[in-house]
Amino acid sequence: MPPTFIKFHGFGNDYIVIEAHQLTAVPDLGTFARAICNRHFGAGSDGIAIVSQSVEAGADFNVRIFNPDGSEAALSGNGTRCAAAYLYYQKLWGEKVLRLNTRSGIKLYRLHDEKQGRYVFESELGKPGLHSDSIPMSTEHALERVINYPLKVGEETFAVTAVQIGNPVCCIFVDDFNALDWRRIGKTIETHKQFPDRTNVVFIRVLDRQQIELQIWERGVGETTASGSCSCAAAVASMINRKTERLVTALMVGGEAKIHWREDDEVVITGTAEVVYSGDWLVAPRKP
């Protein structure tokens, strides 16, 4: 039987969710991800989320996230939220609290609302890593916090703030998105030699003490309408630069999310996941 999937999106950041037992015949998950995520020859998405029952203590289900380039991500705020929505939509889980085991640890999801396939979750994405070693980012000397670091990119230099929230994120504050070629810059910084694991790149325009606006270049994806981990990192970067309060609304192309950096150091994001369609993947498995 061909594997059946359901596509969800969080603020336009779309993920295909599949149960792990349907992929036992797939020889290489990275190759599979590249095929099914392709916008022209596949189903088209910003990634896939593979869910399974968890044997990890303290977790209800496991989720693995793969990017369209075939790489496996440690975490995706939107991807894991789509996975959580799948579990409720398929009636595989019915409690108000869901614990998902990810490569970045166990994450907590609280269901706030559900209506006609649209789910609202409050999710804990973890405590931010601010030390240069935890991002990871190579600097001449180890830094407790990477704030306004002069990153040389070709003939240009950008003042960057870097944060780890499940994934490395390089943040650049701007006054006007149209004043720079942020797509070119994001693509270049993604593979910058000072980020050994590559990096997401977020461009931030601070509107006031409670609101920030973002443009996002996601590692392994490219330009994207939204990202949970990137928006959380952008919020933390704004907070440690004393530009905002510890509760902000992040405005993205695909929608807006509320982000709270709690006093216990946990970063919490409230956002949506919506069902789009289901389908069968009819392409025969191929060796990598």
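Which residue's side chain meets that of Asp 14 in a salt bridge? The partner is Arg 39, with N and O 2.8 Å apart; a salt bridge here is a side-chain nitrogen of Lys or Arg within 4 Å of a carboxyl oxygen of Asp or Glu. The model is predicted, so local features need pLDDT of at least 70 and side-chain atom pairs count only at pLDDT 80 or more, while totals for chains, interfaces and linings use all residues. Residues are numbered from 1 along each chain as its sequence is written, and side-chain values use heavy atoms, with hydrogens and water left out.

The salt bridge between Asp 14 and Arg 39 links distant parts of the chain, 25 residues apart: Asp 14 lies in strand E2 (residues 13-19), and Arg 39 in the loop between helix H1 (29-37) and strand E3 (48-53). Helices (H or I, at least four residues) and strands (E, at least two) are DSSP runs numbered from the N terminus. Asp 14 is buried because its relative accessible area is 7%, whereas Arg 39, at 47%, is partly exposed. Buried means under 20% relative accessible area, exposed over 50%, and partly exposed in between (1.4 Å probe, protein chains only). Arg 39 also forms a salt bridge with Asp 46, the closest N and O atoms being 3.1 Å apart. Asp 46 is itself buried, because its relative accessibility is 9%.

Strand pairing can be followed through E6. Two strands pair if DSSP finds at least two bridges between them. Strand E4 (residues 61-66) and strand E6 (residues 97-102) run parallel and are joined by two bridges, with Phe 61 opposite Leu 100 in E6. E6 pairs with E7 in the antiparallel sense over six bridges, and Leu 98 stands opposite Tyr 109 in E7. A hairpin of two residues connects E6 to E7.

Strand E7 (residues 105-115) includes Lys 115, which counts as exposed because its relative accessibility is 59%. The C-alpha atom of Lys 115 is separated by 37 Å from that of Asp 175, 60 residues apart along the chain.

The side chains of Arg 110 and Glu 124 meet in a salt bridge of 3.4 Å, N to O. This pair again links distant parts of the chain, with Arg 110 in strand E7 and Glu 124 in strand E8 (residues 118-126), 14 residues apart. Glu 124 is buried at 14% relative accessibility, and Arg 110 is partly exposed at 29%. Both belong to a network of salt bridges that links Arg 110, Glu 122, Glu 124, Arg 262 and Asp 264. The count of salt bridges comes to 18.
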